[in-house]
Amino acid sequence: MPRPLAIALVSAALAACASAQPASNVRPGEQRLNTFAFKATHNSYERSESMTSQIVDYSTYFLELDMYWDNDVNGIMIEHYCGSVFNARSLQEELAEIAAATIGADERVVMVYLEKKDSGAPCYNEWPAWLTYRDYIVNALSSTLGLENIYTYSEFSGLDQAYWPSMQELNRRGYRYVVILDDSANISNGFFFGVTT
């Protein structure tokens, strides 16, 4: 069974703003997203339970993927370290599994934390320019989760005035996912949520 993790990142990402209450995003009986604790798994792609099982069987709402740049052909690969006993898979493969596991589960919002690992491992290449790998990630999200299903930072900071809506409100808007990119050099992009170190 996936062990629940009290990930400081979840608290930092979701507890950013909790005081003001724009009338448009919380209805009576609802709570803001940042008032909940979510079950999470670390290195979600390397657990004995598949990500599908983590989501469907164990109600895991927060998944973490380590990203490396392989090359311009293979692009972003998901692996904990070079030569891991778990075979590396592409970002698209991992996201497609998340998408398949959440079909029919309209009441949930799954958070996907993408951790950009520094280059240096002998089996990976240096990361290309920011716009190159940002577009690669966005294209992978588009072809798997669907961009229309992702709640973006620009909507959080604009429409919602930097206050979290309720999960029900995100569902009403058609959102199923929040994507957090751990790339402190490039978090001001309007699409991804980000973290600072």
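Two strands pair if DSSP finds at least two bridges between them. Strands (E, at least two residues) and helices (H or I, at least four) are DSSP runs, numbered from the N terminus. By that rule, E5 and strand E7 (residues 177-182) pair in the parallel sense over six bridges.

This is a predicted model: local features need pLDDT of at least 70, side-chain atom pairs count only at pLDDT 80 or more, and totals for chains, interfaces and linings use all residues. Residues are numbered from 1 along each chain as its sequence is written, and side-chain values use heavy atoms, with hydrogens and water left out.

**Overall make-up**

The protein has six helices and eight strands. Along the sequence they follow the pattern α-β-α-β-β-β-α-β-α-β-α-α-β-β. Of its 197 residues, 51% count as buried. Buried means under 20% relative accessible area, exposed means over 50%, and partly exposed lies in between (1.4 Å probe, protein chains only). The accessible surface comes to about 9100 Å², and 50% of this belongs to carbon and sulfur atoms. Areas come from the Shrake-Rupley method with a 1.4 Å probe; for residues, only the protein chains shown count as cover. Take the contacts (heavy atoms within 4.5 Å). Among those with a separation of 6 or more, 66% join residues 24 or more positions apart.

**Paired strands**

| Strands | Sense | Bridges |
|---|---|---|
| E1 (residues 40-41) and E2 | parallel | two bridges |
| E2 (residues 62-69) and E5 | parallel | six bridges |
| E5 and E7 (residues 177-182) | parallel | six bridges |

Individual partners can be named. Ala40 stands opposite Phe62 in E2. Glu64 has Tyr113 in E5 as its bridge partner. Val112 faces Val179 in E7.

How many residues of E2 are buried? Eight of the eight are, so E2 is largely enclosed by the rest of the structure. Both of its faces are covered. One side carries Phe62, Glu64, Asp66 and Tyr68; the other carries Leu63, Leu65, Met67 and Trp69. Strand E5 (residues 110-116) is mostly covered too, with six of its seven residues buried.

**Arg176**

Arg176 sits in the loop between helix H6 (167-172) and E7. Is Arg176 buried or exposed? Arg176 counts as buried because its relative accessibility is 14%. A polar atom of its side chain lies 2.3 Å from the backbone oxygen of Thr102. Arg176 and Val110 are 66 residues apart in sequence, yet 6.3 Å apart in space, C-alpha to C-alpha.

**A nonpolar surface patch**

Tyr81, Val85 and Phe86 make a nonpolar surface patch of about 320 Å². Patch residues have over 30% relative accessible area and no salt bridge; like charges are joined within 9 Å, nonpolar side chains (Val, Leu, Ile, Met, Phe, Trp, Tyr) within 5 Å. A salt bridge is a side-chain nitrogen of Lys or Arg within 4 Å of a carboxyl oxygen of Asp or Glu. Phe86 belongs to the loop between strand E3 (76-78) and strand E4 (89-90). At 36% relative accessibility, Phe86 counts as partly exposed.

Definitions and conventions
A polar contact is a pair of N or O atoms within 3.5 Å; within protein, one must be able to donate a hydrogen and the other to accept it, and residues adjacent in sequence count only if both atoms are side-chain atoms.
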